[in-house]
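Please examine the sequence and the structure shown here before reading on.

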Amino acid sequence: MDFKPHEKVNTIRAILGHQILSERRFFAQFVGTEEPPVEELLPPGDQPPVQAYLDKYVGLARRRLPQLAETSTDWWLTEMPFFGGLRRQRIWTFWRRVLHTCHHRTQVQTWLRLAGQHVPPIYGPSGDVKWDEADPTYSVEAAERGG
């Protein structure tokens with residue numbers, strides 16, 4: 001968890017903590033969802049395992065889902081404050097957050113791989129999970145499937 005492949009990058013633990021904390025801020029400040037107090041966000045202990053961070057992350061996402069599902073088109077298109085005095089529609093901020101999350105997922109996956117650790121599934125199976133229907137699209141033939 002405290003592995004870092006280069007002196008200028010964060011550790012796995014720091015990235016996971018940042019993901020939880022920054023996502024809470026984005027949703028509370030820029031999207032407008034009700035979020036738990038900051039003190040409740042991070043897993044307890046000095047060195048919680050990766051799974052403890054993932055459990056917190058999934059719990060936070062589950063709290064947000066009903067809030068987001070109950071909104072309207074007008075709510076999503078409402079402009080909200082963003083960094084630097086900008087104003088952006090909630091939908092823009094939401095998708096920027098999705099991209100930011102993808103960035104951190106890639107960091108965590110790469111750092112765990114370099115540290116020789118298992119990459120747990122977060123939003124679906126990781127490359128460490130195999131199943132009968134697994135069909136990675138690495139060829140033109142695979143890309144043609146589905147029409």
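## Salt bridges

In this predicted model, the structure holds 4 salt bridges. One of them joins the side chains of Arg64 and Glu23, with an N to O distance of 3.0 Å. Arg64 belongs to helix H2 and Glu23 to helix H1, and the pair links distant parts of the chain, 41 residues apart. Arg64 counts as buried because its relative accessibility is 4%, a value under the 20% limit for that class. Glu23, with a relative accessible area of 6%, is buried as well.

Glu23 also forms a salt bridge with Arg97, in which the closest N and O atoms are 3.7 Å apart. Since Glu23 lies in helix H1 and Arg97 in helix H4, this pair ties together parts that are 74 residues apart in sequence. Arg64, in turn, has a salt bridge with Glu35, where the closest N and O atoms are 2.9 Å apart. Glu35 counts as buried, at 13% relative accessibility. Through shared partners, the salt bridges join Glu23, Glu35, Arg64 and Arg97 into one network. In general, side chains of opposite charge can pair when their charged atoms come close.

## Arg97 and its surroundings

Arg97 is located in helix H4 and is buried, with a relative accessible area of 2%. When neighbours within four places in sequence are left aside, Arg97 is in contact with Gln19, Ser22, Glu23, Phe26, Phe27 and His104.

## Packing of H1 against H4

Two packed helices are described by the angle between their axes and the distance between the axes. Helix H1 spans residues 12-31, and helix H4 covers residues 90-114. Their axes come within 10 Å and cross at roughly 175°. H1 and H4 are therefore roughly antiparallel to each other, as the angle is over the 145 degrees required for that description. On the H1 side, the residues making the contact include Ile12, Ile15, Leu16, Phe26, Phe27 and Phe30. On the H4 side, the contact residues include Phe94, His100, His104, Val108, Trp111 and Leu112. Glu23 of H1 and Arg97 of H4 are also among the contact residues.

Leu21, Val38 and Leu42 make a nonpolar surface patch of about 220 Å². Leu21 has its place in helix H1 and counts as partly exposed, at 34% relative accessibility.

Tyr57 lies in helix H2, which comprises residues 50-69. Tyr57 is buried, with a relative accessible area of 16%. The C-alpha atoms of Tyr57 and Val38 are separated by 13 Å, and these residues are 19 positions apart along the chain.

## Overall architecture

The chain has 5 helices and 2 strands. Read from the N terminus, its elements run α-α-α-β-β-α-α. Along the principal axes, the C-alpha atoms fill a box of roughly 50 × 40 × 30 Å.

Of the 147 residues, 33% count as buried. The chain exposes about 9,600 Å², of which carbon and sulfur atoms supply 55%. Among contacts between residues at least 6 apart in sequence, 53% join residues at least 24 apart.

How values were computed: Residues are numbered from 1 along each chain as its sequence is written. This is a predicted model: local features need pLDDT of at least 70, side-chain atom pairs count only at pLDDT 80 or more; totals for chains, interfaces and linings use all residues. Side-chain values use heavy atoms; hydrogens and water are left out. Patches are made of residues with over 30% relative accessible area and no salt bridge: like charges are joined within 9 Å, nonpolar side chains (Val, Leu, Ile, Met, Phe, Trp, Tyr) within 5 Å. Accessible areas come from the Shrake-Rupley method with a 1.4 Å probe; for residues, only the protein chains shown count as cover. Helices (H or I, at least four residues) and strands (E, at least two) are DSSP runs, numbered from the N terminus. Buried means under 20% relative accessible area, exposed over 50%, partly exposed in between (1.4 Å probe, protein chains only). Axes are lines fitted to C-alpha atoms, for helices over the stretch in contact, and angles run from 0 to 180 degrees between N-to-C directions. Angles under 35 degrees count as roughly parallel, over 145 as roughly antiparallel, 65 to 115 as roughly perpendicular and the rest as oblique. Contact means heavy atoms within 4.5 Å.
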